[in-house]
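Reader: Hi! Could you walk me through this one?
Author: Happy to, here it is.
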Amino acid sequence: MSAGWPLLSLLIWLPIVGGIVVLWLGERRQLMAKTAALLFAVLNFYLCIPLYCDFNNTTAAMQFVERYPWIESFNIYYHLGIDGIALPLIILTVLMTVLVVVAGWEVIQKNVAQYMAAFLIMEGLMIGVFAALDSILFYIFFEAMLIPMFIIIGIWGGANRVYATLKFFLYTFLGSVLMLVALIYMYSRSGGLDGGSFAILDFHYLQLSGVEQFWIFLAFLLAFGVKVPMWPVHTWLPDAHVEAPTGGSVILAAITLKIGGYGFLRFALPITPDASAQLVGWVIALSLIAVVYIGFVALAQRDMKKLIAYSSIAHMGFVTLGLFVAFAVATNNIADASQTALLGLQGAMVQMVSHGFVSAAMFLCVGVLYDRMHSREISDYGGVINTMPVFAAFMVLFSMANAGLPGTSGFVGEFMVILASFQANFWYAFLAATTLILGAAYTLWLLKRVLFGEIANERVGALQDIDRREFGVLGLLALGVIALGVWPQPLLDVMQPSVEQLVTHMLAGKL
Amino acid sequence: MLSMEKIYLAIALSPLAGSLIAGLFCRRLPRAAAHWVTIIGVGIAFGLSVLVLHDVLINKAPVYNQTLYTWAAVGSLVFEIGFLIDGLTAVMITVVTGVSLLVHIYTIGYMHDDPGYNRFFSYISLFTFAMLMLVMSNNFLQLFFGWEAVGLVSYLLIGFWFKRPTAIFANMKAFIVNRVGDFGFLLGIAAIAYYFGSMDYAAVFRQVPDLAGQNIMLFDGVQWSLITVICTLLFIGAMGKSAQVPLHVWLPDSMEGPTPISALIHAATMVTAGVFMVARMSPLFEYSEAALSFVLLIGAATAFFMGLIGIVQNDIKRVVAYSTLSQLGYMTVALGVSAYSVAIFHLMTHAFFKALLFLAAGSVIIGMHHEQDMRKMGGLRKFMPVTYWTCLIGSLALIGFPGFSGFYSKDLLIEAVHYSTIPGAGIAYWAVLSGVFVTALYSFRMLFIAFHGKPRFDQHTREHLHESPWVVTAPLILLAIPSVIIGGLSVELLLFGDYFNSSITVLPEHNVIAPLRDMYHGPFNFILHALGGPAIYLAAAGVFAAWYLYWKNPGLPDTFRQRLQWLYQVLLRKYGFDEFYQFVFAGGSKRLANRLWRTGDVLLVDGLIVNGSAKMVGFCSRIIRHLQTGYLFHYAFAMIIGLLALLSWVVWR
């Protein structure tokens, strides 16, 4: 049905065009602008159906490929295509945008049209990041994405938003500039002006020496490590989350963090496998610090959003751990290493998708409370369950998913990564598994202080339970969280060939 | 005739269906509908479980081991959801659904006035589902699923009265302490996935003899047997779930939950999951004497020391709770001496009489208008005869009165320890033997204080004091019957036949059942044989001591208390575990968390590096700004100096 349609281009440009339309409709035609935004978001969601149905999950090759010359003198192409690694993340992006538009429907009072437009444009750019196969195209989407997020936090953010936006922008920008240097270096290594290539897939097979790989890897580590974020370049995230409006936090946690993980999968692992193997100890150390240290730091938070932001960092620690842990298995045993790599990579991917659902849901829950009480301080709450029982049920469910309870999506990825790290080293698994205790401690303590107990003050006593709109948003996420937890195999099926090919490629090395 | 597969599926899913209906529509559904739909769900599960038990026990049905669906497949590792139905499972599902059904009925009376009525029914049905998935599992993944799911429902139910500060503290404590156990459990599962390459019980157990000799190194230079490491890790999980010292601290606090769930979850079923798990893993544990020894000692410590605390408790539910801890210790001791079948046998008899004791305590609590302090009771025998008699039966079963079900399980357990050669069995034997005296003492202390003597409650309570309604007393009676007879009826079938052969593996050198089998010649003979052993006299001495102290001379305990103040304080403080954990772990991690956040994130990363570099840039620019004065002669002067410097460099080079 959709054969011949440039589906990926549509997915990228439709929301961007939509964003412009919404801006044009403007603040005076607010309802129309909002409706148009919802329409575009839902339309994009419908576009995902042929994308998913026509996706062939028996091959690792790129699909839905579009390739047109763009800047011919530098061999830069408008080159799109997806494999099993990009597809789940694109679907996640599209879904989250719909939820964000619905969640902001009544809540945003100031400049609604601009708010919606920013998210639509953001959506297009993020899909662009996941679909780009030309590294310059990727880089442009990657950087352009900062602008709408900068605006979202800067305009609809909290009191301290200027500090947060600057920190967010400088952190991520500093990281990615070095990546551009690395990309240009590889272009010149592949031939430069005499037939050199910016294609990501060509980079995968570019022969690079150990030293070259080392420096390129460091550039990637910085660029994507900031995005993930890895310890110690993580401190922009709590500030950005705290100041961002609910929708901004949702997109930030659910999608933009995933771009870091995706970058490692698409660039660092296949392009610099030997450097990855060489530096694996460092990456694992940073990941485990993220799990253990950040787990403790989350325990000390008094601001709900900060707590969830820190828990995001801890959960993303599992992603980087899963991605790299296979390199820590003795390299003489290729069978063992590839089993570890499969577990680790699949686990990291599942963890990313699951974290998309769970962190989005947690931030939406905080948003629901914030819209009513205009406070994020844990100590302002207590006994919310008395006045908002339906909301409390949702929040308990998502908190359990956050604590990695089996049967929810939060368990699947962590479980696989712990299994994978056990194969590398008992103590890696030991430290990673402390999340079972730490995650439960900070999440349940939050629940205890916010939801349970007697009604803490009159304002809690006057709370209204969630309405239909909020119920719909949280209900949809709840279904996703449980479905993925009870049966993750369909997601694994989509990714399997691509992940297997990546594993073979990265374990073979380039030297 | 239904195919067995569908029956197994129906057993697991019908409580889930009931729970979902009652839970999702809990605000719209009338109360009667909520309890009927869940009772029917569990009722179906119970009926079918009996059918399955009959099929396995009488028809000797072959072991059923099938996969339902593939949860996930990664490389060569396949995670599946499936059922294993053998003798062990058949006993467990019957006990679980049976007790659950009675607790459901009892709840109608106990929770009669509670605003969370429908929610409560939804939770206990959900618990039943989770427990069934746990015991019916044929693989480690699903075991962990059920394991954590019962923990979740336990969390929800302990905190059921979410306005009580003590309840919401207790449920968080329970979950986190359990998570400490699960931490070990998950590492054990990860070890199995790595070394055995499978999650399936059968596939793993097949490989055990081959891997028995393998050693691994966790610390440099220290070789540990692989099986010992795995078994110890798995058993840490059991220590959490089955509340063994030192992870027992959550169970007494869990009494903050409504009494029906104390009976169902924190006495009869969930807390025995650890015992079940070790029995299920017998092919693994058999190959590690060190792990068995560890199990044995932990169990013995729990059995003896937790029983002692029971003597000084005044809350009627807490007495029963410490008794549960102690009895779980007994079961664990049985596991440690490789008498897995005896552990399961004691698990079964205990499920009945301990559920009975809890429900009887609950009946007292209803009658006393939610007063749980035994010092404010007394003389209840006249007011609540059914509760009294059933409670007496439960207590007799618990202390091992000859012929009652607890007598068979406990006496055989003690004999099994006696015959064992596992290191530590000698100490354990003394622990379980003196435990018998302690058990009898605290059980009859409770009985005498609450039901005998002069009433110590006020006039108002007395006017409203009456026997509980039939929905409460009927489950008591229905539990009292198996508490008396189930032991004598099933002991030969379960222990001395080949019933557990397909599920439990015992190496010949660990076999303590064989001498028991030689000794055993029918129930009556066994009673006679017991008269020659010490246990029965210790129990009698315990009852006598309780009678003398708490009935004959009620002033005497006070004298003892004053004389042995230090011992009394130690017991009353529960050996200080709570204070220690609260200070070191709960408080310590909070302090550490604050310290890390303040110095790590706020001071070092943000203060020094992020904002520091920004300040650095600002500082430099402030200095450099001075150079840009805007006067032309300043710039000209600078240019001349620069030119001079350049020239001199060129010349002097």
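Author: Let's start with a helix pair: helix 14 of chain A and helix 15 of chain A are roughly antiparallel to each other (angles over 145 degrees count as such). Helices here are DSSP runs of H or I with at least four residues, and strands are runs of E with at least two, numbered from the N terminus. This is a predicted model, in which local features need pLDDT of at least 70 and side-chain atom pairs count only at pLDDT 80 or more, while totals for chains, interfaces and linings use all residues. Residues are numbered from 1 along each chain as its sequence is written, with chains lettered from A and ligands numbered from 1 in the order in which they are written.

Reader: At what angle do helix 14 and helix 15 of chain A pack, and how far apart are their axes?
Author: The angle is about 170° and the axes are 8 Å apart. Axes are lines fitted to C-alpha atoms, for helices over the stretch in contact, and angles run from 0 to 180 degrees between N-to-C directions.

Reader: Which residues make the contact?
Author: Among them are Ile308(A), Met316(A) and Phe318(A) of helix 14 of chain A, and Leu345(A), Met352(A) and Phe363(A) of helix 15 of chain A. Two residues are in contact if their C-beta atoms, placed from the backbone, lie within 7 Å. The contact residues divide into 12 nonpolar, 8 polar and 1 charged. Ala, Val, Leu, Ile, Met, Phe, Trp, Tyr, Cys and Pro count as nonpolar, Asp, Glu, Lys and Arg as charged, and the others, Gly among them, as polar.

Reader: Nice. Now the interface: how many residues of chain A are in contact with chain B?
Author: There are 41 from chain A, in contact with 44 residues of chain B. Helix 20 of chain A gives the largest share of chain A's side, 7 residues. By class, that side has 30 nonpolar, 8 polar and 3 charged residues.

Reader: Switching topic, which residues of helix 6 of chain A are buried?
Author: Pro148(A), Met149(A), Ile152(A), Ile153(A) and Trp156(A). Buried means 20 or more other C-beta atoms within 10 Å of a residue's own, exposed means 12 or fewer, and partly exposed is in between, with C-beta atoms placed from the backbone.

Reader: Why are they on the same side of helix 6 of chain A?
Author: Because they cover an arc of only 130° around the axis, taken from the directions from the helix axis to the C-beta atoms. What covers them includes helix 4, helix 7, helix 10 and helix 11 of chain A.

Reader: Is His369(B) buried or exposed? And what about Lys574(B)?
Author: His369(B) is exposed, with 11 other C-beta atoms within 10 Å. Lys574(B) counts as partly exposed, with 19 such neighbours.

Reader: Last one: what is the mean pLDDT of chain B?
Author: The mean is 88, and 100% of the residues of chain B reach 70 or more; pLDDT is the predictor's confidence in each residue, from 0 to 100. For the complex, the predictor gives an ipTM of 0.91 and a pTM of 0.91.

Note on methods. Parallel < 35°, antiparallel > 145°, perpendicular 65-115°, else oblique.
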